[in-house]
Amino acid sequence: MKKLIYAYMSDCSDPKDLILAASIRKFGGSLSDNPIWVLIPKAVESVTKEMRDLFLSMNVELISFSPEDELIFPFITYVHAAANAELLAKEKTKLLAWLGSNTIIFNEPKHFLLDENKNLGYRPVHHTNIGSFFDEPIDPFWEQVYQKCNVSKEQIFPMKTHIDHNKLRPYFNAGCLIIRPEKGLLQSWWNFYKYLFNEQNFKDYYNKNYIYAIFIHQAILSGVILSTMERSELYELPFDYNYPLNLYYNCPVVYRAKNVNKLITVRYEDPEDLKKVPLQDPLKSWLINQIDNFFIKTLSSAEKVKFGKVSLVYPIPIILAGALVNNQPNFETLGDVGIMSIKPPLVYISSGQNHYTNQGILENKTFSINFPTTHLLVKTDYCGVASGNEVDKSQLFNLFYGELETAPMIRECPVNLECKVIKEFSIQHRQIFIGDVVQSYVSEDFVIKSEEGQIIADMAKLDPIIYALDNRYYKIGEIIGTGYQESKKFKQD
Ligand SMILES: Cc1cc2nc3c(=O)[nH]c(=O)nc-3n(C[C@H](O)[C@H](O)[C@H](O)COP(=O)(O)O)c2cc1C
C-alpha cells in the first residue's frame, strides 16, 4: 500500500500538462518518487508517441477511461476522471492527491500526508464567484444545492476565499483534493453531479448567468463533502498550497504571497503567468526551460501535413499603399509587401494589374507605404475592398507630402515610407514595384530619443494590423526578446 499517489486528468495533447509531473519529480522532496497517474479520457494509443514517451520518461502511468460522451457540460469529464482515479486507487494507496493539470509543485507538499484522523485535505475556492456569503441569508441556489445533497444547516461553517478573503459558506476548490480512496468521496461527487447538473432548477440559473454552469461542479462538491463528512475530518491545507499565480496581481497586497519561490503548490492559466510573477531563479529558469523544451519536443515529432502550393509566409503586416492618380490621392490595402534590402533601403509591393493605384504609380514613378494602427482597421479593410476605379478614397485620411511631392502619405499612420520606383515588372496578373525609400517618417509620439540616437517605439505601441492566411486580422502581442541578444542563451547539447 502506497502512502500517496498523485493523479490528474489530461487528454495529453497540450505539452504544458507535462509540467505538473516534471515538477513533482523535481521539487517533490521526499514525495517526488510517489506514483503519478494521468487519467486520459480516450485510448492511450491515440496519444502521440512523443507525449507518451515524455510521460513515460518521468515514470508517469497513463490510464485511459471512457467518458460518457452523451454528457456534455463544463467539468463533467473532469469529475468523472476523479471518480475513476479514486476507484482505481482503492487498496493501492492510503491517500490520493487529485490535482488540476494546471498545478505545479514548487516545494515538497508534505501537508498532503494527512493526519490519521483527517479524511480530506482541501483549499477554499480562489475567489467568490457564485459563492454564498456566510453572514447573509442563504440564497436560493445554495439552498437547492444543500437540499439536493442532503446537507443540514448545522454542517455549514465559514470559509475564507483564497484571493478576496470573503467569508463564505463552505466552497471547496476542485483542483486540489487530498482524499482517502476508501471513503468514496470523489465517486459520490460524480454520482451527484452527473444527475444534478441537468435539473431544471439549476438550468434556470445557467440561463440567467453561465457562470453557474461553470462552477456548479464545485458547489455540488461542497454539498457532497458537507453531507458525507464531519467538520473534524476536514483539513484546510495552508495558504501556500494551490496558490493561484494567475490571480497574483488581483490579490490585495496584504494577502499576496511574500515569496513566490516558497509556495508549495501553485495553479496557473497560461505559462505566461509564470513569467509575470516575481519568481526567482533557479526555479524561474527551470520552469521556462521545461515549458519551451516540452513544446519544442512535441512539435519536432508532429507529423507534417502537405498543405499545398500556398505562400505560407506569415504573419504579414498590412499596409496602405498610396499614389496620386490623375492628381487625386488613392490608397489600396496590401499584404504583399516586403523589404528587399536594408542597405540600400529597398522595398517592394505587389499589386493586382488592374488596380487603380497602379495607374498613379506608373504615372509618377512614386508611391507611399503607410502602416495603419489597429484603430484604422475599418478604413483599412475598406481600402482593400473598394477600388478607386469606382469610389473616391481621397478624403478618407489626413494627408501630407514629402520630398517627392507625388506620394500621398497618411498622417494617422505612425510610420510612412516615401518611395521612388526603380524597377517595375509583371508576373502573371501582378505588377511588382520596387521602391527606393527616399525618406521615412515616424509620428513624434512614437520616436524615443536616447543616448544612442533615435529609435521607434516598440511594436505594441505602434499597434500595426497583422494579417494571416486564415483571413483574420491580429494585434501584436508581447515583447519576447531582443534581436541579436537571445542567441547568447543558446547552449549546444
Ligand atoms: C487584407 C487585404 C490584403 C490585400 N492584399 C493585397 C495584395 O497584397 N495585393 C493586391 O493586389 N491586392 C490586395 N488586396 C486587395 C486590394 O486592396 C483591393 O483590390 C483594392 O480594392 C484595390 O484598390 P485600388 O483599385 O483603388 O487600387 C488586399 C485586400 C485586403 C482586404
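Patches here are built from residues with over 30% relative accessible area and no salt bridge, joining like charges within 9 Å and nonpolar side chains (Val, Leu, Ile, Met, Phe, Trp, Tyr) within 5 Å. The model shown is predicted, so local features need pLDDT of at least 70 and side-chain atom pairs count only at pLDDT 80 or more, while totals for chains, interfaces and linings use all residues. Residues are numbered from 1 along each chain as its sequence is written, and side-chain values use heavy atoms, with hydrogens and water left out.

**View 1. A nonpolar patch on the surface.** Start with F307, V310, L312, Y314 and L469, which form a nonpolar patch on the surface. Together they have about 510 Å² of accessible area (Shrake-Rupley method, 1.4 Å probe; for residues, only the protein chains shown count as cover). To find L312, look in the loop between α9 (283-301) and β13 (316-317); helices (H or I, at least four residues) and strands (E, at least two) are DSSP runs numbered from the N terminus. L312 is partly exposed, at a relative accessible area of 41%, where buried means under 20%, exposed over 50%, and partly exposed in between (1.4 Å probe, protein chains only).

View 2. In the side chain of N330, an N or O atom is 3.0 Å from an oxygen atom of the ligand. T333 places a backbone N or O atom 2.7 Å from a ligand oxygen, and a backbone N or O atom of G352 also lies 2.7 Å from an oxygen atom of the ligand. Taken alone, the ligand exposes 650 Å², and the protein buries 86% of that.

**View 3. A321 in its strand.** Follow strand β14 (residues 319-325) to reach A321. A321 is buried, with a relative accessible area of 0%. Its C-alpha atom is separated by 47 Å from that of L18, 303 residues apart along the chain.

**View 4. Salt bridges.** A salt bridge is a side-chain nitrogen of Lys or Arg within 4 Å of a carboxyl oxygen of Asp or Glu, and the count comes to nine. One of them joins E236 and R123, whose closest N and O atoms are 3.6 Å apart. E236 lies in strand β10 (residues 234-236) and R123 in the loop between β6 (120-122) and α4 (140-148), so this pair ties together parts 113 residues apart in sequence. E236 is partly exposed at 35% relative accessible area, whereas R123 is buried at 4%.

**View 5. Another salt bridge, D463 with K475.** In this pair the closest N and O atoms are 3.1 Å apart. D463 sits in the loop between α12 (459-462) and β25 (466-467), and K475 in the segment after β26 (473-474), 12 residues apart. D463 is buried, with a relative accessible area of 8%, while K475 is exposed, at 55%.

Technical notes:
A polar contact is a pair of N or O atoms within 3.5 Å; within protein, one must be able to donate a hydrogen and the other to accept it, and residues adjacent in sequence count only if both atoms are side-chain atoms.
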